[in-house]
Amino acid sequence: MARRNLVRNPLRSGLACFGIVIGVVAIASLGILGFTLQAGFMENMGDTANQVEVTPATETDGPGIGSLTQQTFSDREVRDIRRTAPGAEVTPVKQGRVDLEYGDDPPVPRTAYAVENPGALFEAKQGRVPAVLSGGILVGSRVAESIEVNAGSAVTVDNSSYRVVGILKEEPWTAPVNPNFNIVVPETELRDTGYRRVIIEEDSAEAANATAQEIRETMNRREEVVEVQENSDLIERVQSQQRLLSLFLIAVGSISLFVAGVSILNVMLMSTVERREEIGVLRAVGVQRTSVLKILLAEATLLGFVGGAVGVVISILVGGVINHFMLDNALMVFRPGNLRYVGMALGFAVGISLLSGAYPAWKAANERPVEALRG
Amino acid sequence: MIAELEGVVKRYDSGDETLTVLEGVDFGVERGEFVTVMGPSGCGKTTMLNVLGLLDEPSEGVVRLDGDDVTGLNDRERTEARKDSVGFVFQYFYLIPSLTAEENVEAPTVFSGGSGGRAAELLEKVGLGDRKDHKPSELSGGQKQRVAIARALVNSPDVILADEPTGNLDKETGDETLGLIRDLCDEGVGVVAVTHDERIKNYSDRDVRLDDGVVV
């Protein structure tokens, strides 16, 4: 009966529905946009949020760049760091300059890293990252591009011949040891260099944060020995910013749903005024007030639900497009975080409709049939 | 008496003025009786009908349906009593335009489980068996009024209250309608028709005249 009443004035009902559609699409799409931005950011950050980078404190003899001396960790200091981060994966990193030569090109100086367990820090996009690097080297993706080497190519590093075992995957800019423009060589190649930094990998950003604090407190108690850098703080800040942004986007979307609610209110008011006599007759022939109320509320809810359902379909399509462009995978729209926004928008639509329908329904149901029939 | 008014006064307050429409009306209708209430416009005929049909409350006096005092009932109870005992036929038919004839007849029962085929029977009875699926816009005035009569009958009322039942009909269809109403009386339903159509007298058992708020 509610459906039939709405079909009676298809244009008006359609427009009211359309308002709800827009509202739902606005809320859901903006919600999905916010969520996807967040997801994209997290993807960029990768697991660097869990990493802590420890470097020797910079000692300055006086002002000016020339006075900076390159500091390294002693073995004892590395042991101290390991002690402060039990359970975490601790990777001391050596760093030096080497000449890399490939094919007929002249040797080019490159920054080289050496670590005991390369697998802890690096991933290969071509070839592999062995547990221990001995007769081979790993090449950063940009280096590989510029000199055009592949896994398996033979290269020369400071007059020693090596085979390229793997080309490394591109790492985000936040990675403490960023191999994109550099190479990774066996530790023997950098025998005379000290540890320039120690990377600690924890299971979570919170643990990383705690470890960073712990190292600062224990190692810098008497004098500034180490500098500790971690991303968890930064990530947390960016995330809270993004949460705010999402909230703001949804608030903007909600306004349009409120407008849609007002249009439902208008439609329901008009249709109850138009059907005043009809409702009067129904009341006269023994239809209870509550029944009239129910049917009018059902009409408003139906408007909201149909509009909401259409809106959900469109939102998922729009969300798919957003995800396609931002995360390269349209199906990512079906993640629970996104669906939460869609569900929220639908619930909101039905709720607003019900709310908007309440006043006209109440008004119509409470009109005395005598008044209604008097015209 | 199937429906009865005793000393009914109806006053309307409009601003500072109080308008007294009914000034102590005593009236009753028996089962199977066809009573017409005649009188000039504005004499309170419709108000009297509304009070009798529990659409309006009297300012003073008592309304009885089948001997029960129904004066002090609340809205829910009055609605229930209307549904059980009273059928209405209006001058302007008041059919619901989006519903078919059969659905219109069924309308009073849709919130209490439907008419169980009674709507179709009633349409047959009023001679519209072949118009069940027509919308009101596809029916003539007389046909609409017959649908309205069928609707008034769907809850098997004890009394039918008709406000100018022939007011919008030409002579021929008016006669048909009155004939139909007469048949209902013969089946035991009480009928009160308010009108200024003198022809109705030919069908009724009794005429009552309402003048300046009193039955004369």
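**Welcome to a two-chain predicted model**

In chain A, the axes of helix 2 and helix 8 (residues 289-327) come within 7 Å and cross at roughly 30°. Helix 2 of chain A and helix 8 of chain A are therefore roughly parallel to each other. Please keep in mind that this is a predicted model.

**Chain A as a whole**

- Chain A contains 10 helices and 10 strands.
- Of the 375 residues in chain A, 43% are buried.
- Taking contacts in chain A between residues at least 6 apart in sequence, 81% join residues at least 24 apart.

**Helix 2 of chain A and its partners**

- Helix 2 of chain A passes helix 8 of chain A in a right-handed crossing. The residues of this contact divide into 20 nonpolar, 11 polar and no charged.
- Helix 2 (residues 10-45) of chain A also packs with helix 9 (residues 336-366) of chain A, at an angle of about 155° and with the axes 9 Å apart. That angle makes helix 2 of chain A roughly antiparallel to helix 9 of chain A.
- The crossing of helix 2 of chain A and helix 9 of chain A is right-handed. On the helix 2 side, the contact residues include Ile20(A), Gly23(A), Val24(A) and Phe35(A). On the helix 9 side, among them are Tyr341(A), Val342(A), Phe348(A) and Ser353(A).
- By class, the contact of helix 2 of chain A with helix 9 of chain A has 12 nonpolar, five polar and no charged residues.

**A sheet in chain B**

- Six strands of chain B form an open sheet in the order 6-7-8-3-9-10, with mixed pairing. Strand 6 (86-89) and strand 10 (214-215) of chain B stand at the edges with a single partner strand each, so one side of each has no neighbour in the sheet.
- Helix 5 (residues 141-153) of chain B packs on this sheet, where it touches strand 6 and strand 7 (159-163) of chain B. The direction of helix 5 makes about 170° with that of strand 6 of chain B.

**Pairing around strand 9 of chain B**

- Strand 3 (residues 34-38) of chain B pairs with strand 9 of chain B in the parallel sense, over four bridges. Met38(B) has Arg209(B), in strand 9 of chain B, as its bridge partner.
- Strand 9 (residues 206-211) of chain B is joined to strand 10 of chain B by two bridges, and these two strands run antiparallel. Here Leu210(B) has Val215(B), in strand 10 of chain B, as its bridge partner.
- Strand 9 and strand 10 of chain B form a hairpin with two residues between them. Asp212(B), in the turn, has a positive phi of about 45°.

**Where the chains meet**

Key
Residues numbered from 1 in each chain as written. Chains lettered and ligands numbered in written order. Predicted model: local features only at pLDDT ≥ 70, side-chain atom pairs only at ≥ 80, totals over all residues. Axes fitted to C-alpha atoms, helices over the stretch in contact; angles between N-to-C directions. Parallel < 35°, antiparallel > 145°, perpendicular 65-115°, else oblique. Left-handed = near helix turned anticlockwise from the far one by under 90°. Contact = placed C-beta atoms within 7 Å. Nonpolar A, V, L, I, M, F, W, Y, C, P; charged D, E, K, R; others polar. Pairing = 2+ DSSP bridges. Buried ≥ 20, exposed ≤ 12 C-beta atoms within 10 Å, placed from the backbone.
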